[in-house]
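Trainee: Could you walk me through this model, one feature at a time? I'd like the general idea, then the case here.

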Amino acid sequence: MGLRGIFDPENGFFRTLSRMVDVVGLSLLWVGLSLPLVTFGPACAALYHTVRQGDSTYLTFFRSFRANLRVGIPAGLLVLAAGALLLQGYQIMVLAANFVGGGALAMYGCYCAALIVPAGVSCWAFPLLSRFQMGLGHLLVTSFQVTLRHLPQTLLLILLLFVTVWTTAGFFPLAVFTPALNALLASMPAERVIRRYLPEKEPEGEEL
């Protein structure tokens with residue numbers, strides 16, 4: 001391989017390096033836009049949409065971000081509020097299970113099982129928002145339906161999200177790539193489900 005081949009932008013090394021730079025750049029962009037909290041929802045939808053597309057990286061992100069502001073803002077705030085309340089409930093259940101035991105331990109198990117539904121709705125909401133045009137109510141109902149209809153994929157998305165949050169919380173510098181990596185990995189099972197609902201030979205953006 002000559003010098004021309006080594007420095008060819010189509011060389012596998014440079015394609016991999018470019019992809020890694022995009023993962024870091026998109027992760028930092030998502031973190032920056034999510035910190036105000038109010039823009040958490042559209043930032044999540046834009047991140048998923050961008051890693052799924054795999055081209056025109058930052059232009060694609062900002063176009064999706066802007067397009068999903070109206071529904072993404074209230075959806076994101078609802079997800080964050082529900083997450084905070086459910087986390088508080090989880091902590092109470094853990095304390096009760098540790099100090100009371102018995103029935104409290106059984107209630108803890110039931111609570112953890114029940115968390116699958118709101119966690120699943122949260123995992124599906126933003127991928128669906130990035131792929132379909134729908135109002136907030138339609139988005140929440142559709143996310144709930146997909147959560148129950150495709151439980152194995154839902155559990156996989158929840159597990160992936162849990163591992164991502166757990167590792168990033170343990171070592172925050174990992175946030176330079178974990179958000180985009182999570183979205184990329186999540187798109188693999190999620191897209192197998194979403195494609196079933198895409199209208200044939202119709203442009204994306206139709207209602208689900």
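Predicted model: local features only at pLDDT ≥ 70, side-chain atom pairs only at ≥ 80, totals over all residues.

Trainee: What share of the residues counts as buried?

Mentor: Buried means under 20% relative accessible area, exposed over 50%, and partly exposed in between (1.4 Å probe, protein chains only). Of the 208 residues, 39% count as buried. The protein exposes about 12,100 Å², and carbon and sulfur atoms supply 70% of that; such areas come from the Shrake-Rupley method with a 1.4 Å probe, and for residues only the protein chains shown count as cover.

Trainee: And contacts along the chain, how do I read those?

Mentor: Contact means heavy atoms within 4.5 Å. Take the contacts between residues at least 6 apart in sequence: 68% of them join residues at least 24 apart.

Trainee: Now helix packing. At what angle do α3 and α10 pack?

Mentor: Axes are lines fitted to C-alpha atoms, for helices over the stretch in contact, and angles run from 0 to 180 degrees between N-to-C directions. Under 35 degrees counts as roughly parallel, over 145 as roughly antiparallel, 65 to 115 as roughly perpendicular, and the rest as oblique. Helix α3 (residues 40–53) and helix α10 (residues 178–194) pack at about 75°, their axes 9 Å apart, so they are roughly perpendicular to each other.

Trainee: Which residues of α3 meet α10?

Mentor: From α3 it's Leu 47, Tyr 48, Val 51 and Arg 52; their partners in α10 include Pro 179, Ala 183, Leu 184 and Glu 191. To sort a contact by class, Ala, Val, Leu, Ile, Met, Phe, Trp, Tyr, Cys and Pro count as nonpolar, Asp, Glu, Lys and Arg as charged, and the others, Gly among them, as polar. This contact divides into 10 nonpolar, 1 polar and 2 charged residues.

Trainee: How do the axes of α7 and α9 cross?

Mentor: They cross at roughly 85° and come within 9 Å, which makes α7 roughly perpendicular to α9. On the α7 side, Ile 116, Ala 119, Gly 120, Cys 123 and Trp 124 take part, and among the α9 residues they meet are Leu 151, Thr 154, Ile 158 and Leu 161. By class, that is 9 nonpolar, 3 polar and no charged.

Trainee: Which residue forms a salt bridge with Glu 191?

Mentor: A salt bridge is a side-chain nitrogen of Lys or Arg within 4 Å of a carboxyl oxygen of Asp or Glu. By that rule the count is 1: Glu 191 pairs with Arg 131, the closest N and O atoms being 2.8 Å apart. Since Glu 191 lies in α10 and Arg 131 in α7 (residues 116–131), the pair ties together parts 60 residues apart in sequence. Glu 191 counts as buried at 4% relative accessibility, and Arg 131 is also buried at 4%.

Trainee: Is Leu 37 in a helix or a loop?

Mentor: Leu 37 sits in the loop between α2 (12–34) and α3. Its phi is near 70°, a positive value in a residue other than glycine. Leu 37 is partly exposed, with a relative accessible area of 47%.

Trainee: And Asp 22, buried or exposed?

Mentor: Asp 22 lies in helix α2 and counts as buried at 16% relative accessibility. Leaving aside neighbours within four places in sequence, Asp 22 is in contact with Thr 57 and Tyr 58.

Key
Residues numbered from 1 in each chain as written. Heavy atoms only, no water. Helix = DSSP H or I, 4+ residues; strand = E, 2+ residues; numbered from the N terminus.
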